[in-house]
Amino acid sequence: MASTTSPALSVSKLDFQYLSSQRNITFSKENLHQVKMPRRMSKFSGFESNGFILFSSLSGQIGEGSFPSPEATANNNAPEVQVQSSIWNWRGYSIRYQHAGNSGPALVLIHGFGANSDHWRKNIPVLAKSHRVYSIDLIGYGYSDKPNPRQFGESSFYTFETWGTQLNDFCIDVVKDEAFFICNSIGGLVGLQAAVMEPQLCKGVMLLNISLRMLHIKKQPWYGRPLIRSFQNLLRNTDVGKYFFKTVATPESVRNILCQCYHDTSQVTEELVQKILLPGLEPGAVDVFLEFICYSGGPLPEELLPQVKCPVLIGWGEKDPWEPIELGRAYGKFDSVEDFVVLPNVGHCPQDEAPDLVNPLVKSFVARHAALSASISTAT
């Protein structure tokens, strides 16, 4: 286990390469898991002896460390970060986003299906101490507008292309800079789609339990596809869909769903249930919900990853019951993916269930590529 007197921080193999170049340290496969983060690179102190271990597809065990105690966190002398909520007008629609931080690289946090920017409430204040952090409600979700999909006729509106365009426009209009996209679940498809569409705006993508899209039409046997389309039409065009939504949009149902996808169910608090449920009771939410669960087209992760020009890091909660890690590991083989990091004893939403694992991983990923970009700029 890690020493209680010297901070150790779990990072990916790529971080060790960066640190080696900075500190003239040589790392071998044998001693890689024993390496500790230099104090100047870590703001953590007072680590306890009950530690954690992260695993990398490139290096096996890549780090052993421990969480800061609540007392140590409370004693942090850093000023309190104020998270603000604002509205951005995008193509005539009101889009809610949250933001904090005045300096450092820009991060845009992108939520998953049925969630919103509040799902990053445990990450924004921490990351904003050294970054400009933005968390957006994708159109149709959270407290952003929810236009009725039927008003667009035969054209689908709630697609990854729509959300990817929204994300890129957000970087141009609000962030006013290139950014790192930090994504969970279907938010990972949004981040990848945006990076493919406007590669100059994205400095890197972190994917946390990206959706495998197992219900995609391409992943269904040919003989089952007509049945799937019939079921989708039933949900979208009859009262069956609205009845189904009513059974889901209750505190009990939301709590049960979250308890399925969180390995540590103690993290499924009443606050979390309300943060997820209340935006789903907003006018128009039912139509967006039904439209997306009937959306079985669009891109797959395996189609977007080969097109991405920026670095990608994948983090995966190993206890995810919806997106099995055994299938997710295949994404680590793409050239654009620099590492695949296993998050032990964590479910589908690592950023909320285990922020003490995710926040350092985000910081190390961003620091590495921000430093490399700075080095390249200086050299040229």
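The mean pLDDT of the protein, that is, the predictor's confidence in each residue from 0 to 100, is 80, and 73% of the residues score at least 70. This is a predicted model, so local features need pLDDT of at least 70 and side-chain atom pairs count only at pLDDT 80 or more, while totals for chains, interfaces and linings use all residues. Residues are numbered from 1 along each chain as its sequence is written, and side-chain values use heavy atoms, with hydrogens and water left out.

Two stretches need a caution. Over residues 1-53 the pLDDT stays under 50, and the model has 110 contacts there beyond four places in sequence, a contact being heavy atoms within 4.5 Å. Residues 61-76 are also below 50, with 53 contacts beyond near neighbours in sequence. Where pLDDT is low, the predicted coordinates should not be read in detail.

Now the overall picture. The protein has 14 helices and 10 strands, taken as DSSP runs numbered from the N terminus, with helices being H or I of at least four residues and strands E of at least two. Of its 380 residues, 53% count as buried; buried means under 20% relative accessible area, exposed over 50%, and partly exposed in between, with a 1.4 Å probe and protein chains only. Among contacts with a separation of 6 or more, 73% join residues 24 or more positions apart.

Next, the interior. A nonpolar core here is a set of buried Ala, Val, Leu, Ile, Met, Phe, Trp, Tyr and Cys residues joined through side-chain atoms within 4.5 Å. The largest one has 51 residues, and those with the most contacts inside it are Val-108, Trp-163, Phe-170, Phe-181, Val-205 and Leu-207. Helix H4, residues 160-175, gives the most to this core, with 7 residues. Another core, of 24 residues, lies apart from it and includes Leu-109, Leu-127, Val-133 and Leu-208.

Why is H4 described as largely enclosed by the rest of the structure? Because 13 of its 16 residues are buried. Just after H4, Lys-176 takes a positive phi of about 55°. Leaving out residues up to four places away in sequence, Trp-163 touches Leu-138, Ile-139, Tyr-141, Tyr-158, Val-190 and Phe-292.

That brings me to the aromatic rings. Rings of Phe, Tyr and Trp, using the six-membered ring of Trp, pair if their centres lie within 6.5 Å; planes under 30 degrees apart are stacked, over 60 edge-to-face, and the rest tilted. The count comes to 18 aromatic pairs. Trp-88 and Trp-90 form a tilted one, 6.2 Å centre to centre with 35° between the planes. Trp-88 is buried at 7% relative accessible area, and Trp-90 is buried at 4%.

Phe-244 and Phe-289 are also tilted, with ring centres 6.0 Å apart and planes at 40°. This pair links distant parts of the chain, with Phe-244 in helix H7 (residues 239-248) and Phe-289 in helix H10 (residues 285-293), 45 residues apart. Phe-244 is partly exposed at 34% relative accessibility, whereas Phe-289 is buried at 14%. Both belong to a cluster linked by ring pairs, which also includes Tyr-93, Phe-113, Tyr-141 and Trp-163.
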